[in-house]
Number of protein chains: 4
Amino acid sequence: MAPTGLWLIGARGSVATTAITGLFALRSGIAAPAGCVSALREFADAGLPEWDELHVGGHDIVDTSLDKRAELLAESGVIPHRVVEAVRPALSDVESQIRYGYHPATHAGTQAEAAQKLAADITAFARQYDLARVVVVNVSSTEPVFPALPEHDDLAALEAAMAVPGRTVLPPSSVAAYAALRAGCPFVDFTPSRGVRLPALEELARQRRLPYAGSDGKTGETLVRSTLAPMFTTRGLAVRSWAGTNLLGGGDGMTLADAEHAGSKLASKGRGLATLLGGEVTAPLHIDNVPDLGEQKIAWDHVSFEGFLGTRMSMQFTWTGYDSSLAAPLVLDLARFTAAAHAAGQEGPLASLAFFFKDPVGTAEHRLAEQFSELVRWAAAL
Amino acid sequence: MAPTGLWLIGARGSVATTAITGLFALRSGIAAPAGCVSALREFADAGLPEWDELHVGGHDIVDTSLDKRAELLAESGVIPHRVVEAVRPALSDVESQIRYGYHPATHAGTQAEAAQKLAADITAFARQYDLARVVVVNVSSTEPVFPALPEHDDLAALEAAMAVPGRTVLPPSSVAAYAALRAGCPFVDFTPSRGVRLPALEELARQRRLPYAGSDGKTGETLVRSTLAPMFTTRGLAVRSWAGTNLLGGGDGMTLADAEHAGSKLASKGRGLATLLGGEVTAPLHIDNVPDLGEQKIAWDHVSFEGFLGTRMSMQFTWTGYDSSLAAPLVLDLARFTAAAHAAGQEGPLASLAFFFKDPVGTAEHRLAEQFSELVRWAAAL
Amino acid sequence: MAPTGLWLIGARGSVATTAITGLFALRSGIAAPAGCVSALREFADAGLPEWDELHVGGHDIVDTSLDKRAELLAESGVIPHRVVEAVRPALSDVESQIRYGYHPATHAGTQAEAAQKLAADITAFARQYDLARVVVVNVSSTEPVFPALPEHDDLAALEAAMAVPGRTVLPPSSVAAYAALRAGCPFVDFTPSRGVRLPALEELARQRRLPYAGSDGKTGETLVRSTLAPMFTTRGLAVRSWAGTNLLGGGDGMTLADAEHAGSKLASKGRGLATLLGGEVTAPLHIDNVPDLGEQKIAWDHVSFEGFLGTRMSMQFTWTGYDSSLAAPLVLDLARFTAAAHAAGQEGPLASLAFFFKDPVGTAEHRLAEQFSELVRWAAAL
Amino acid sequence: MAPTGLWLIGARGSVATTAITGLFALRSGIAAPAGCVSALREFADAGLPEWDELHVGGHDIVDTSLDKRAELLAESGVIPHRVVEAVRPALSDVESQIRYGYHPATHAGTQAEAAQKLAADITAFARQYDLARVVVVNVSSTEPVFPALPEHDDLAALEAAMAVPGRTVLPPSSVAAYAALRAGCPFVDFTPSRGVRLPALEELARQRRLPYAGSDGKTGETLVRSTLAPMFTTRGLAVRSWAGTNLLGGGDGMTLADAEHAGSKLASKGRGLATLLGGEVTAPLHIDNVPDLGEQKIAWDHVSFEGFLGTRMSMQFTWTGYDSSLAAPLVLDLARFTAAAHAAGQEGPLASLAFFFKDPVGTAEHRLAEQFSELVRWAAAL
């Protein structure tokens, strides 16, 4: 496939750093593509961009260098020390392609100007490497819930509002999505933030005939839930309650445990469970910030269900994962699949990528096995 | 559908008693069909026999009465007391249809004679109720592994050996399967015992154009494994070890914890896991007899897997179920599906019923979601 | 020992009903004293009142009859059906000794008048059975946190305020404690409610030379925590975080999951953990209402700790208990121990009963083993 | 205190390497004494040898160098990389004090000669560093069960048999214990091997007025069991079953999963549980070799217990630890406490060190809290 860009919003975060480091490890053959869906034999003939056809740049608003972040991730057990050493020069190259991103607190002009600057950064990157296309993936921190505004429903109204000095009509993730589309790039939302999911931005995507995907990468508790829930339903076992607790450290723990931020995350998780089980059940869910866990994420779920003649039974599981290790390969997968979709002329929501997301666009299918079948079918038809 | 017989080998065991009690509870509307796959809306139009079209009889070698067994199961939490009271008269009716089964220790004649007697019992039952067909389901205790003999490979040789006084050429489960087929009945093996799975008996089934299904009902740990394993493989996560411990009380605990008996059970569980994961992994597995658990079965599994860049992660689950509550509705499901298959003229191994079994005949498909899809597709085509 | 009264505040609740039913089962010998600390051989010579020397009465504001409550508890698995049947006549006797309790919403007069009425009820009960003493135990629902008022610090000021029409200067638990003390009775707080723990009431206890104990019965997660935490500290293992989730149904789930009510419960749990570990650690804690669990209470705790050279390790546990089954025998124990303390002339906070409580009065000792040693030592000296 | 030797049998194993590396890290102040019991403030005045008063040597029969072992342990997450780098020179010094140990397969002469050689090694070490005493600690791999022989009961008979060419009258651990005692050194058995626990060797210890301690370091599942079991007994809760599964990698996994070797380990674990619970309960226990876990050890225990009126409840826990991280500081603790005991003139079994062992010599006390109290009391009296 032609040279392809992967532009990361939040390019210096844990997920981005792991994805970038891993990409170079894969390229040099010092690591196997564990955790990469696109490397399964099912997709061998899908015409996806090869590892060495992917070029990476991105936006961020923090300035810790990539290799420093990679070292920290090595100490946390996410990346082997030897891999960091091996790819250090390549990290410096990517470093030179990271531009300062948008944040309301550090931006003086209008949101229109901010978006214009972001789009220009991406366009310059595409030109520099002569890229056939650039897939923009948002892997920045989860945003607080942003209030709905009338301007979100209409592209013209939105753009007028964005041009008004002092107005903050969009959250940063949506400014990024707007900029990506304006730059002619497919957009993928790996977070539960609003991103492209506003009628006005969907209108823009259609206008520009661009595909988009999202949202909220399915990497831990929800991955397991979307696997297990169909077991209960296809066996006719009535789930009565499904309680969950998530313990996470790192920046994510701090961001998500905060009630306001968690709002979007919890909502996104809840929607899926009700759909999977065919109705609402008692489903208390918590996200706790436990800093000493570092990059680890521990989820405990307790499922109470009713079997034949009303007998009560239960299942519980504990998931102990490294979120960045689980998310990073999916980011590379999404870049590859979305690039192929764009190359094939697909536009609008990529419902066939639901396999990757907690809250998939364009479909109500949450069952993991069905999502995988659809992904295979779709990729074969590309 | 026409009146259909359900003939249970082990008709006074926990699974059989729960199934029979439950059938009458469903028929009278005092219980919902929780745990019944065949009651899902996906099978509403499959033309399955209705609850009141099923007539039950069976063989057993113990003589505790059905209503006594039902009371014991009520005390163990498997059946509500009020349900036992409500169906007590119906249990007496079934009681009168239970015949003494075959056991080498209590049988004086040849195995041929034993089989003839068993077949005659089933035929008499079919005539008494004017049944269109009788599905024979083996729910008796798991047998010790039976040695392979040359006679197992050829029907004529087998029948010759069965007629030799003093020879025990078949385990009881296979004598039962032989008798069922000779009586013109489809046979379902809900246990891991040898049953119909011998070339000579498969030859007989083909000769008589009878369908058969099995083996080893998938009700707990293996159910979860066949659900979870595909999550790891479709995500490219390399499972490194999958350890399991089963604690069970009841008669089952005693039978299965015994090394010789467990042989067949553990083998049946192991085969599935390797197939699901695409290769062998370290997978220690134990079955312990813990009498105080009564009818409860507790399984703990620990899965260690490798993600991106070799990061080690893990998942563990604890399953707390009542085996009889999980198995009983599946026995009813299998009677209904197998009857419909027979009515539709199907013969040989019913691979499409793999959804119900740990060690399915006629297919290597162990993934639960794919098994369900196949079941739906197959039932729609009946 | 002389005939002793046990007066229960919340006499128709789950804990009280289980305790009363159990007392009669113990008296008639149809149950063994499982879960009863006072029945251990360590206390055989402590001169505690025998089961048939305990007479029960109490206050409540609901009017579901005791035998109806016992039946519901039987259906929930807390009490065997046969036990309910066996003690039904005795429950009616107790029924006749339950008086309407105090609640601000249903009481018209002053709190002084309310207390007077409550005290008179207890006194009448004591006279009727010619009791040497009556131990009052609060097992009613956990109250919302009650604001601190200046009158709480001084008995005279408190009594003056209680006499002012329309003033609600005390929460119901403290009105009950006041009434008990005024009636010359030792008071035990089995809940985290304020109860006797106000300077003014402690002053009254001293004046009347009465002992009191509390608070908040230690029956599940905290019981385990007070057992496990010393393992980490005596081994020099530094606990970095201790996260907990509680799932409970029943009325308790509803009451405690409510943020305001949980306030007192969570505070009481948190204090103990910090004391046990010798300092604050990250310790998120949740109580969720999961109605389908009925009387069951499930707690999951995850402990992350640091060993030699900073290595990170973890332990997690799941506790599945019936709260009423765990609490009820302790209520009987407390009645017996507190009666013996009173008979021995002890007064003020009974720190030696810390073994029973999450938030013990008069001591900072939270380690279960040390609490038990102290209990044994104290009882031997009675 | 005077310069003290610590002589390790199995000096190049994981536990020894971690202990040695850690000792130097503590000495240089780059690590805190996490996991060290002897560093608790309770023992500040016990007059134990300081970290820089401990000198290390030992026997082993493998020749991987200590710093190579330390590097492997760093990759397994047991020792931080920076610590290995910091103590590398010190490891070389210890390296020069490791002598070839005894193994029947590589030793040509009599066991008497073997013991003489081992004793001479220790004596030379003591002289070289002018040590007041040397504590010998066995941290080598668990041995298979060794048959009981009449010679084990009498020192003279034993020594006669040891002098017979070709006779293997003692397992290696007991040869090491014999050599230690002959060299005038206290002996500590950190493994479940036979070691000093033979009447003949106990006779020798008494003759030489030497103290000894053991056996089988309590580092994981049994540590938790000895903590939790008293919770059940002091609350009067009747434990009905206590099932356990251990998953371990490393060399230990291979050694212990082997049925013959596990014999001694499982026996040692089982004895404790029955003592703790005051009687036998159903307690199936497994040790599985799961190589991919590396140095990690995972234990799952399920406890089923009976409360008030027979209600069934349960508790389960999962322990995820690094065995070497848990064992190593205890080895240093035991060297310090045993040296102090020897200095104080104590001889025979050190029952007061039961806190450290699964199968303590000289006492039937298995309750962790009581063991700690005893340790504190004993150390204060030294």
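**View 1. Contact surface between chain A and chain B.** In this predicted model, 58 residues of chain A are in contact with 58 residues of chain B, contact meaning heavy atoms within 4.5 Å. The two chains bury about 4300 Å² between them, and carbon and sulfur atoms account for 69% of that area; buried area is the accessible area (1.4 Å probe) that two parts lose on being put together, summed over both. On the chain A side, the residues that lose the most area to chain B are A:Arg235, A:Phe308 and A:Leu309, together 23% of what that side buries. Residues are numbered from 1 along each chain as its sequence is written, and chains are lettered from A and ligands numbered from 1 in the order in which they are written. Local features need pLDDT of at least 70, side-chain atom pairs count only at pLDDT 80 or more, totals for chains, interfaces and linings use all residues, and side-chain values use heavy atoms, with hydrogens and water left out.

**View 2. Polar contacts and contributing elements between chain A and chain B.** The count of salt bridges between these chains is 0, a salt bridge being a side-chain nitrogen of Lys or Arg within 4 Å of a carboxyl oxygen of Asp or Glu. There are 14 residue pairs in polar contact, both residues at pLDDT 80 or more. A polar contact is a pair of N or O atoms within 3.5 Å; within protein, one must be able to donate a hydrogen and the other to accept it, and residues adjacent in sequence count only if both atoms are side-chain atoms. Elements that give two or more residues to the chain A side include α1 (14-27), α8 (221-234) and β10 (312-322) of chain A. Helices (H or I, at least four residues) and strands (E, at least two) are DSSP runs, numbered from the N terminus. With 11 residues, β10(A) gives the most to this side. The side divides into 36 nonpolar, 17 polar and 5 charged residues; Ala, Val, Leu, Ile, Met, Phe, Trp, Tyr, Cys and Pro count as nonpolar, Asp, Glu, Lys and Arg as charged, and the others, Gly among them, as polar.

**View 3. Strand pairing across the axis that relates chain A and chain B.** β10(A) and strand β10 (residues 312-322) of chain B run antiparallel and are joined by 7 bridges; two strands pair if DSSP finds at least two bridges between them. The bridge partner of A:Phe317 in β10(B) is B:Phe317. A rotation of 180° with 0.0 Å of shift along its axis superposes chain A on chain B (RMSD 0.0 Å), the relation of a two-fold axis. Copies are superposed by least squares on the C-alpha atoms of residues with pLDDT of at least 70 in both. Of the residues of chain A, A:Phe317 comes closest to the rotation axis, at 2.0 Å (C-alpha). The same surface serves both copies, and 100% of the contact residues of chain A recur in chain B.

**View 4. Contact surface between chain A and chain C.** Here 21 residues of chain A are in contact with 21 residues of chain C. The buried area is about 1700 Å², of which carbon and sulfur atoms give 61%. A:His286, A:Asp292 and A:Trp300 lose the most area on the chain A side, together 31% of what that side buries. The count of salt bridges is 2. The side chains of A:Asp292 and C:Arg312 meet in a salt bridge (3.0 Å, N to O).
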